[in-house]
Amino acid sequence: MRKNILMALVFAMAFLLLFAGCGAGSEDTFNDIKAAGKFVVGLDDEFAPMGFRDENNEIVGFDVDLAKEAARRLGLEVEFQPISWDAKEMELKNKNIDVIWNGLSITEERKKQMAFTKPYLENLQVIVVPEGSDIKTKADLAGKKVGVQAGSTSKDALEADTETFESIGELVEYPTNFEALLDLGTGRIDAVVVDEILGRYYIAMNDAKLVVLEDNFGREEYGVGLRLGDKEFLEALNKVLDEMKADGTAAEISRKWFGEDIVK
């Protein structure tokens, strides 16, 4: 009898833990955000021009300006928290941040772990090589040392192209795209797969002797990532983003950073 009671208690505890686990992170935290008067944006602060540090060590960028304007329209403040990009899902789940707003590509795999706003930018995963490189296409990556940012869709896009991925000599993962591109410039690696927006901005701003190949690993869309349960917050962000597109504010911010309106 005592053994049966003990087993029943064990099963009951297991059920309660499972139930609690299923509900973890499912509550909408928008009321908490409004009570705090701010939301926290997680970002890679070396992802120019979306979010990065300027010469005064201030965090600036296209996504930073969008987030500031969205916060203003919501009657909130916004705080920017640099994070390890490879740990972004955990940072969001653990409520260390409220959103990921930093050139975040929308993928089916990520949709299992977070909610997304409507897309607001399009992007390509491109190959960057030094000027004069013998690498002209994806096929030329065979046997080469290729760099990517850890936890990025650049890495996912490369791995998804099975023929190309299996042909490369070595995949080198970096904490940031900036470090990967620096190593590319010094000849430590042969190519970098990276977001086109970042790659072209890096080359232009640093007068880098690098080029973007025409061959690429596919088109993506950027969105803001939230916890799956934050439906009210998601609705509020979608509303202000729609307003910013409609009244030209998003286009104005785009022209500031890209010289043209590329907002989707």
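Let's start with an open sheet of 5 strands, whose order is β10-β9-β11-β8-β12 and whose pairing is mixed. At its edges stand β10 (170-174) and β12 (210-222), and each has a single partner strand, so one side of each has no neighbour in the sheet. From one strand to the next, the twist averages 25°. Keep in mind while reading that this is a predicted model.

Strand β8 (residues 121-130) and β12 run antiparallel, with 8 bridges joining them. If you want a spot to look at, find Asn123, which stands opposite Glu220 in β12. Helix α6 (residues 153-160) packs on this sheet and touches β8, β9 (145-149), β10, β11 (191-195) and β12. The direction of α6 makes about 135° with that of β9.

**The other sheet**

Another open sheet has 5 strands in the order β5-β1-β6-β13-β7, again with mixed pairing. Here the edges belong to β5 (77-82) and β7 (115-116); each has a single partner strand, so one side of each is left without a neighbour in the sheet. As a reminder of how this works, strands of a sheet pair through backbone hydrogen bonds, either parallel or antiparallel. Strand β6 (residues 99-100) and strand β13 (residues 225-226) run antiparallel and are joined by 2 bridges. Ile100 is found opposite Gly225 in β13. Lying across β1 (38-43) and β5 is helix α3 (residues 62-74), which runs at about 150° to β5.

**Helix α11 and what covers it**

Which residues of helix α11 (residues 249-258) are buried? They are Thr249, Ala250, Ala251, Ile253, Ser254 and Trp257. The cover over these buried residues includes β3 (51-53), β4 (59-60), α3, α9 (196-206) and α10 (231-246). Just after α11 comes Gly259, which takes a positive phi of about 80°.

**Aromatic pairs**

There are 7 aromatic pairs in the model. Two of them are set out here.

| Pair | Arrangement | Centre to centre | Between the planes |
|---|---|---|---|
| Phe30 and Phe233 | stacked | 5.0 Å | 15° |
| Phe52 and Tyr201 | tilted | 6.1 Å | 55° |

Phe30 sits in helix α2 (residues 30-36) and Phe233 in helix α10, so their pair ties together parts that are 203 residues apart in sequence. Phe30 counts as buried, at 7% relative accessibility, and Phe233 is buried too, with a relative accessible area of 0%. Ring pairs also bring in Phe39, linking Phe30, Phe39 and Phe233 into a cluster.

What about the tilted pair? Phe52 lies in strand β3 and Tyr201 in helix α9, so this pair ties together parts that are 149 residues apart in sequence. Both Phe52 and Tyr201 are buried.

**The nonpolar cores**

How many residues does the largest nonpolar core have? It has 56 residues, and those with the most contacts inside it are Val99, Trp101, Val128 and Leu237. Helix α10 gives the most to this core, with 7 residues.

Setting aside neighbours within four places in sequence, Trp101 is in contact with Val41, Gly42, Leu43, Asp63, Leu66, Ala67, Ala70, Tyr120, Val224, Leu237 and Leu241.

**Two contrasting residues**

Thr176 has its place in the loop between β10 and α8 (177-185). Is Thr176 buried or exposed? Thr176 has a relative accessible area of 9%, so it is buried, since the limit for buried is under 20%. Not counting residues up to four places away in sequence, Thr176 touches Asp44, Glu46 and Gln149.

Glu108 belongs to helix α5 (residues 108-111). With a relative accessible area of 57%, Glu108 is exposed, because exposed means over 50%. The side chains of Glu108 and Lys111 are joined by a polar contact of 3.2 Å.

Note on methods: Residues numbered from 1 in each chain as written. Predicted model: local features only at pLDDT ≥ 70, side-chain atom pairs only at ≥ 80, totals over all residues. Heavy atoms only, no water. Helix = DSSP H or I, 4+ residues; strand = E, 2+ residues; numbered from the N terminus. Buried < 20%, exposed > 50% of the residue type's maximum accessible area, 1.4 Å probe, protein only. Polar contact = N/O pair within 3.5 Å; in protein donor to acceptor, adjacent residues only side chain to side chain. Pairing = 2+ DSSP bridges. Axes fitted to C-alpha atoms, helices over the stretch in contact; angles between N-to-C directions. Contact = heavy atoms within 4.5 Å. Phe/Tyr/Trp six-rings, centres within 6.5 Å; stacked < 30°, edge-to-face > 60°. Core = buried A, V, L, I, M, F, W, Y, C linked by side-chain atoms within 4.5 Å.
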